[in-house]
Amino acid sequence: MAKTQDMSAMFKDVMGSFPVDTASMEDAFKTATSLNEKLSSVAIDAAEKSTEISSKWTKETLAKISDMSKAKSEPADYAKAMTDFASSYAEVTAEHMAAFAEVAKKVQMDTVELMMAAGKDMSEDASAAVKKATGDMTAAAKKAAAK
């Protein structure tokens, strides 16, 4: 009776002949973690600045509404107060929207800068990992061929 070859043992021997370097995976994980930390910092900074702009805008609007809602002696003064409020609110809106645009522009620039740096780091990590893996595979193949 013919003996069947144990395929799982054969695969185990083959896989054991090829070294696995987890350092490259650890480096890739560290690079990704570092990128996530920096991106989170950019997002948190943008949220803080946006909150400050919104808060300032709200305070200015409430102050202007307070001025507008005060009792007037002449009916025409109410129309003037409303016109003044609308005019100043339009100016304030333009200023605050420009501030929001600056925050968004900074987030975009910082994100592009981080992504380019991360792409360079990941490319270097991948290149080093491939180079090391190629060397390890070549050595393992030579070792296997010698047996």
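This is a predicted model: local features need pLDDT of at least 70, side-chain atom pairs count only at pLDDT 80 or more; totals for chains, interfaces and linings use all residues.
**View 1. Asp110 pairs up with Lys106 in a salt bridge.** The closest N and O atoms here sit 2.8 Å apart. Both residues belong to helix α3, and being four residues apart puts about one helical turn between them. Lys106 is partly exposed as well, at 38% relative accessibility.

**View 2. Lys105 and Glu102 meet through their side chains.** This salt bridge comes in at 4.0 Å, N to O. We're still in helix α3 (residues 75–146), where a spacing of three residues again gives about one helical turn. Lys105 has a relative accessible area of 43%, so it's partly exposed; Glu102, at 47%, gets that label too.

**View 3. Over in helix α2, Asp45 holds a salt bridge with Lys49.** Their closest N and O atoms are 3.3 Å apart, and the four-residue spacing amounts to about one helical turn. Asp45 is partly exposed at 27% relative accessibility, and Lys49 is partly exposed at 30%. The model's salt bridge count comes to five.

**View 4. Ile65 and Met82 are 17 residues apart in sequence.** In space, their C-alpha atoms are 9.1 Å apart. Ile65 is part of helix α2 (residues 23–68) and is partly exposed, with 35% relative accessible area.

**View 5. A nonpolar surface patch brings together Met7, Met10, Phe11 and Val14.** Met7 lies in helix α1 (residues 7–17) and counts as partly exposed, at 42% relative accessibility.

Key: Residues are numbered from 1 along each chain as its sequence is written. Side-chain values use heavy atoms; hydrogens and water are left out. Patches are made of residues with over 30% relative accessible area and no salt bridge: like charges are joined within 9 Å, nonpolar side chains (Val, Leu, Ile, Met, Phe, Trp, Tyr) within 5 Å. Accessible areas come from the Shrake-Rupley method with a 1.4 Å probe; for residues, only the protein chains shown count as cover. Helices (H or I, at least four residues) and strands (E, at least two) are DSSP runs, numbered from the N terminus. Buried means under 20% relative accessible area, exposed over 50%, partly exposed in between (1.4 Å probe, protein chains only).
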